[in-house]
Amino acid sequence: MLDLKLVNASIFTLANAPSTAHSMGVLHGRIVGFDDDVLPLPARRTLDCAGAVVVPGFGDSHNHMAWFGQSLAELDLSGCRTLDELYDAVSRFAHDLPEDAWVVGSGYDDTVMGGHPHRSGLDPSAPGRPVWLKHRSGHMCTVNTEVLERAGILDGSAVTPEGGMITRDPEGPTGLLEEQAQKLVTALVVPYAVTDLADAIGAASEVYASEGLTHVVEAGIGSGWIGRSPVELAAYAEARRRGLLKTRVQLMASSDVLHPLQSHSADGITFGLDLGIASGFGDDQIRLGAMKIFIDGSLIGRTAAVTEPFCDHGHGTGSFQLSLEELTRRIVDAHCSGWNVAAHAIGDSAVDVALDAFAAAQQKLPRTEARHRIEHAGMVRPDQISRFATLGITPVPQPHFLFEVGDTMAAAVGAKREAWVYRHKSFLDLGVRVPGSSDRPVASGAPLLGMQSMVTRRTSAGATLSPQERVDAMTALRAYTVDAAWTAGEEDRRGTLEPGKLADFVFLSAHPADVPAEEIGRIAVLATVLDGSCIFGHDYLRELQTTHNTVPSPFHLERQED
């Protein structure tokens with residue numbers, strides 16, 4: 001007897017056969033078949049879907065789950081259009097906090113406000129309190145005098161970390177800290193408690209489920225300015241234990257937490273985590289992914305490493321996070337020790353470094369099974385694209401950046417290089433997969449919004465960036481399903497709806513290919529199902545439930561935890 005049977009649905013499997021179906025059966029969290037293979041079978045629960053569209057669960061190949069979850073409780077600065085608005089928002093937020101609490105805000109955009117906040121404006125907004133405001137890119141932040149004093153920046157006792165920048169004016173530090181310099185602030189608050197991180201992960205998970213996400217990749221845990229705790233993986237385990245984790249998660253380990261290892265000479269495991277734990281360790285809900293390494297900064301902040309100067313912001317060429325020798329060493333050592341590697345490289349110069357390191361790694365130890373990635377691949381020259389295909393490297397760009405910050409990026413790189421920004425179709429033409437991702441909370445993370453940006457490539461100001469890089473709606477849907485699963489090395493378990501695969505799927509109000517491109521982001525997620533159990537849209541599925549379900553089922557509409 002089936003646990004769940006869908007009938008009268010418009011099921012798009014994204015598999016070769018069948019590509020579409022009207023009925024689907026689920027048993028023990030797995031898909032068992034379609035149409036004639038399952039229609040005669042009894043089921044503990046049958047849903048008459050009345051023609052609703054059903055597609056595989058969505059995946060996000062690059063997000064920051066704990067960061068996003070924490071930001072939900074922070075002061076949201078994304079709506080501030082002037083510095084005075086920001087200072088007023090800080091003042092109001094500080095007024096309601098406990099006496100010893102930090103004022104933590106996130107999401108401000110200096111390009112919108114005409115500049116970064118200055119400590120001289122922050123100090124009177126929250127007298128005596130530490131104020132920490134995070135730029136929307138995550139690659140910089142602004143703090144007030146109280147934090148500068150606590151971090152040892154004001155008196156000069158702090159040493160600026162390699163790859164970091166502390167902005168100064170004639171009166172001293174302004175409060176702006178870029179890239180690795182942010183560690184001087186995070187050192188004052190990290191590590192966060194596992195229980196608090198679990199709460200944040202749970203809060204993020206609720207949002208993800210409502211958007212149809214059944215799998216996400218967390219792009220960096222454990223250390224660096226992006227990490228929340230050296231024991232961050234324990235927070236995900238705690239979230240699962242408490243029933244807070246609704247989505248499947250693959251966790252990238254920061255390169256800073258990997259270290260030299262001693263093993264038998266025949267093993268070749270010289271770099272990684274204790275006990276030889278590496279990419280692929282875990283289960284279907286929490287699994288260890290690639291090693292994450294930062295090569296450069298961001299296009300928004302003009303800290304991405306580019307070969308020719310930016311067209312604004314002092315006409316610099318960005319910066320590298322570590323020496324080129326160290327970056328290459330870590331990538332090669334991780335590759336030779338069995339890890340997949342995810343290299344954050346946004347500028348074209350950083351992309352060169354990443355591709356050269358991957359080539360050196362494969363030359364030293366060929367590994368055809370490796371799923372190496374370049375995160376963002378924000379600006380890729382024409383001569384670099386073929387190297388992705390030759391080396392088998394997957395680019396992981398964020399399509400909704402085009403809408404949210406596309407105008408800013410275009411101004412930064414200029415008309416000559418605009419066509420190189422966040423490419424898509426050029427990769428596909430060479431057989432390179434391009435998975436869907438968001439980099440949330442840097443940009444909105446709803447997959448349907450990302451699909452819309454893949455199809456339109458429209459900016460918030462109405463411009464179309466590199467129209468030759470647009471793809472059709474079916475390709476965009478596959479990016480967030482089939483290609484996201486493949487990039488994570490889990491195509492045998494998810495990404496398509498096929499017998500034996502995980503029963504992760506989404507009910508939509510319409511298929512992305514059946515609405516105007518500008519309307520894809522407005523398609524409603526009606527329900528999200530993981531392992532055959534509902535994680536979002538309980539009321540909707542109850543309405544579909546047929547009246548003849550009389551046999552008790554261990555697989556309820558609500559998500560069941562172990």
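1. Strands S23 (residues 505–508) and S24 pair in the antiparallel sense over 4 bridges; here strands (E, at least two residues) and helices (H or I, at least four) are DSSP runs numbered from the N terminus, and two strands pair if DSSP finds at least two bridges between them. Phe505 has Val529 of S24 as its bridge partner. The model is a predicted one, in which local features need pLDDT of at least 70 and side-chain atom pairs count only at pLDDT 80 or more, whereas totals for chains, interfaces and linings use all residues. Residues are numbered from 1 along each chain as its sequence is written, and side-chain values use heavy atoms, with hydrogens and water left out.

2. On S25 (residues 533–536), S24 has a further antiparallel partner, joined by 3 bridges. Val529 stands opposite Cys534 in S25. The hairpin of S24 and S25 has 2 residues between the strands, and Asp531 takes a positive phi near 55 degrees there. Strand S24 (residues 525–530) is largely enclosed by the rest of the structure, because 5 of its 6 residues are buried. Buried means under 20% relative accessible area, exposed means over 50%, and partly exposed lies in between (1.4 Å probe, protein chains only).

3. Strand S1 (residues 4–7) pairs with strand S4 (residues 24–27) in the antiparallel sense over 3 bridges, with Lys5 opposite Gly25 in S4. Strand S4 is also joined to strand S5 (residues 30–34) by 4 bridges, again antiparallel, and the bridge partner of Gly25 in S5 is Gly33. A hairpin with 2 residues between the strands is formed by S4 and S5, and His28 in the turn has a positive phi of about 50 degrees.

4. Helix H2 (residues 83–95) has 13 residues and reaches 19 Å from its first C-alpha to its last, close to the expected 18 Å; the expected span is 1.5 Å times one less than the number of residues. Its buried residues are Leu86, Tyr87, Ala89, Val90 and Ala94. They cover an arc of only 160 degrees around the axis, which puts them on the same side of H2; the arc is that of the directions from the helix axis to the C-beta atoms. The face turned away from this buried side carries the exposed residues Asp84, Arg92 and His95. Among the elements covering the buried residues of H2 are strand S10 (103–108), helix H3 (110–113) and strand S11 (131–135).

5. Where does Leu273 lie? It is found in the loop between strand S18 (271–272) and strand S19 (286–294), and it is buried at a relative accessible area of 19%. Leaving aside neighbours within four places in sequence, Leu273 is in contact (heavy atoms within 4.5 Å) with Val257, Leu258, His259, Leu261, Leu288 and Trp339.

6. Arg417 is buried yet has no salt bridge, the nearest side chain of opposite charge, Glu308, being 5.0 Å away. Lys and Arg count as positive and Asp and Glu as negative, while His and the chain ends are not counted; a salt bridge is a side-chain nitrogen of Lys or Arg within 4 Å of a carboxyl oxygen of Asp or Glu. Beyond neighbours within four places in sequence, the contacts of Arg417 include Val306, Glu308, Phe310 and Met379.

7. The structure holds 39 salt bridges. One of them joins Arg330 and Glu326, with the closest N and O atoms 2.8 Å apart. These two residues are 4 residues apart in helix H9 (residues 324–336), and are therefore separated by about one helical turn. Arg330 counts as buried at 13% relative accessibility, whereas Glu326 counts as partly exposed at 22%.

8. Arg381 forms salt bridges with Asp348, at 3.2 Å between the closest N and O atoms, and with Asp352, at 3.1 Å. The latter pair links distant parts of the chain, with Arg381 in the loop between S21 and H11 and Asp352 in helix H10, 29 residues apart. Both Asp348 and Arg381 are buried.
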